[in-house]
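Hello,

Here is the structure we talked about. Please open it first, then read the notes below next to it.

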There are 2 protein chains.
Amino acid sequence: MSTIADVARQAGVSVSTISNVLNGRIERMSRETLERVQTAIAALDYRPNRAARQLKTGHTPMLGLLVPSIANPMYGYIAREVETAAQERFEHRVVLGNTYRNQAKEVGFFDDLLAHGVRGVIVISSLIDERHFEHAVQRGLVMVSYDRRATPGAASAIDHVSVDNHEAARLAAAHLIERGHRELAFVTASGVTMSRSEKIRGFRAAAEAAGLAAHARVIDGSTSSEYGDSEMADVGRRLAARIAAERPRPTGLVAVNDMLAYGLLAGLREAGLSVPGDVSVIGMDGLFLSALMSPALTTVRLPVPAMAQTIVERVIGRMADPGIAPGEFLFTPELERRDSVAAPPATRSGT
Amino acid sequence: MSTIADVARQAGVSVSTISNVLNGRIERMSRETLERVQTAIAALDYRPNRAARQLKTGHTPMLGLLVPSIANPMYGYIAREVETAAQERFEHRVVLGNTYRNQAKEVGFFDDLLAHGVRGVIVISSLIDERHFEHAVQRGLVMVSYDRRATPGAASAIDHVSVDNHEAARLAAAHLIERGHRELAFVTASGVTMSRSEKIRGFRAAAEAAGLAAHARVIDGSTSSEYGDSEMADVGRRLAARIAAERPRPTGLVAVNDMLAYGLLAGLREAGLSVPGDVSVIGMDGLFLSALMSPALTTVRLPVPAMAQTIVERVIGRMADPGIAPGEFLFTPELERRDSVAAPPATRSGT
DNA sequence: TTGAAAGCGCTAACAT
DNA sequence: ATGTTAGCGCTTTCAA
């Protein structure tokens, strides 16, 4: 690896001249010098040492990205969009960390980023307790979180980019109602993310608007303490058995996310129920996998690429200008009609 | 952020003493000094600046990880295991890159790693052409590739960690044969990865061993030039339509991977065929999602966590000791029986 | 228009 | 057992 001094020698100029062209300060440079420098750089295949540059400037073109588990297709999807945006639009690389929703791991990740001089970090699907985030921000990190903040309205040092969860669930429930369903359930896993409560509110809002408040229940399954890939799906599967036994049995199910919906599909099948013959199911996320399910899953699709763009813009922008105040950014989801929703069976089940 | 000089001042010792405790050179240090230093470090919440350290030592505890797309659940799975092993066993962070199977992006990633002083890189599911890899190795990267190398037997500067693909496909085909299938097909996408040809050989070997060589065909669909998440599944879906129309129609299908199998399941269903009633399908990979399919997909499971361990051990090990020669590491897959394989229909279809 | 030199925070040889 | 110091490769004043 050649250094800036090698290039200077090769070009017969000083290192500061090389540094100047490296950093685009070429306004008052003679054409000839510039060319000689460029030739030398090319000849030596020279690349500036980032560590040295960073030691001087305090900056490095990297971002941290924290996810519960990159094996989860939804986080994989977001991660891909984030990494691509960071790279293609801002030439930043991405350091990835899996947290398994473990706070100590999150803190360790922030520490390492700081030690490496990485100042921007994107946190996907956080724990509800944001205190260690605020602490990391005080230590110098610029943070953007995917998903809503825990206490809406409260001041935060963190950007929050999320989908309009209320609207997403409302859309899902309204679709079911429109198809004729009168006995609804919102199916979820207990207390993991913030988005949950807003979704429940949206679900209820749709039911109330249709005069169905008394027929819209929330069915809730607990997750294990340790993070597993199929955790969500397992909850769905387990809950499906319970749902199958309920009287009256709901005919329209809104799942808190696509993964849980997959579990529902599998569990309902195991319980001898047909989807959408006996029960209709609608997911939320819009993973490409949903189109492959049997039946293809109707779902509420999140505008992931657009959200990822905003996420990256915000970290980079606020790193460049610390004066920018953190904000909340809400995106609108869309219904994706497929085959898991149909009219309810003619004979109301369970009655 | 405090520096080593701040700590030295606080503890009333020299910077080299601080550096010594930072680097574990504390054999002949007085108990008292050590304690004073540790107290000072804790008091200032001091963390060594990695960039400065790296500028001195030339090392940084980071690894690169290159995948075609982290949105693909299989790569997400491997990535998670790799990141976890790197972090928990070697305290290395991971820089992630999506390549979309684009060689220019791969080269750009290597360049950046080198500029950042990252010396180890893990490449998952490479392009067949490995020349730019060898070039990156010459420039100083230690590389480990997931999946077999292009020309077995040829010398390589790269470690290759892979599953025994021949055995995987043989296992799959043998399972189908054992269940009574006599008309088999190996279903794949054309020419993307190396593993393909070995799988085909394994598939054929199983057929030949059962005297079924003439009844074991390979069905091959082409992928689009640009990388898409559902690329594999799309191929499977498209091919399913073709398979449904074949006469005699194969009753036992071995898919080159789980994703393609998902497409097969969806496409077969669309063609009005039942799995496993009319056609049996077996995948390869063992993604957790396979258990959620309808029917739950029988598959050949790869020992991903063990492979990831080896991958990480190799990069780290060879970075520490460049004298270690690159090698090939083969892992044994296992059959995971689920519901997508059954005996063939009594009336041979298509005859 | 170009060059000299200080210094970013750390490590490690060398001195004491 | 502890301290002094050169130098890793770069950026950036300041001087010429």
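A:Met62 stands opposite A:Arg93 in β2(A). Before going on, note that this is a predicted model, where local features need pLDDT of at least 70, side-chain atom pairs count only at pLDDT 80 or more, and totals for chains, interfaces and linings use all residues. Residues are numbered from 1 along each chain as its sequence is written, while chains are lettered from A and ligands numbered from 1 in the order in which they are written.

Helices (H or I, at least four residues) and strands (E, at least two) are DSSP runs, numbered from the N terminus. Two strands pair if DSSP finds at least two bridges between them.

Now back to the pairing. Strand β1 (residues 62-67) of chain A runs parallel to strand β2 (residues 93-98) of chain A, and six bridges link them. A:Val67 sits opposite A:Asn98 of β2(A).

Is β2(A) buried or exposed? A residue is buried if 20 or more other C-beta atoms lie within 10 Å of its own, exposed if 12 or fewer, and partly exposed in between, with C-beta atoms placed from the backbone. By that rule, six of the six residues of β2(A) are buried, and the strand is mostly covered. In a regular strand the side chains alternate between the two faces of the sheet. Here A:Arg93, A:Val95 and A:Gly97 point one way. A:Val94, A:Leu96 and A:Asn98 point the other way.

**One sheet across two chains**

β2(A) also meets β2(B): the two run antiparallel, joined by three bridges. A:Leu96 has B:Val94 as its bridge partner in β2(B).

**How the copies are related**

Two copies of a chain are related by a rotation about an axis and a shift along it.

**Where the chains touch**

Two residues are in contact if their C-beta atoms, placed from the backbone, lie within 7 Å. Chain B gives 42 residues to the contact and chain A gives 42 residues. On the side of chain B, the elements that give two or more residues are α4, α5 (73-90), β2 (93-98), α6 (103-116) and α11 (258-270). α5(B) gives the most, with seven residues. By class, this side of chain B has 21 nonpolar, twelve polar and nine charged residues. Ala, Val, Leu, Ile, Met, Phe, Trp, Tyr, Cys and Pro count as nonpolar, Asp, Glu, Lys and Arg as charged, and the others, Gly among them, as polar. The copies meet through the same surface, because 100% of the interface residues of chain B are also interface residues in chain A.

**Around the DNA**

A residue is near a strand if its C-beta atom, placed from the backbone, lies within 6 Å of it. Around DNA strand C there are 25 residues, and A:Ser16, A:Arg28, A:Thr33, B:Ile4 and B:Ala52 come nearest. α4(B) supplies the largest share of that surface, five residues. The surface near DNA strand C has ten nonpolar, eleven polar and four charged residues.

Around DNA strand D there are 26 residues, of which A:Ile4, A:Ser16, A:Ala52, B:Ser16 and B:Arg28 come nearest. They divide into ten nonpolar, twelve polar and four charged.

Best wishes
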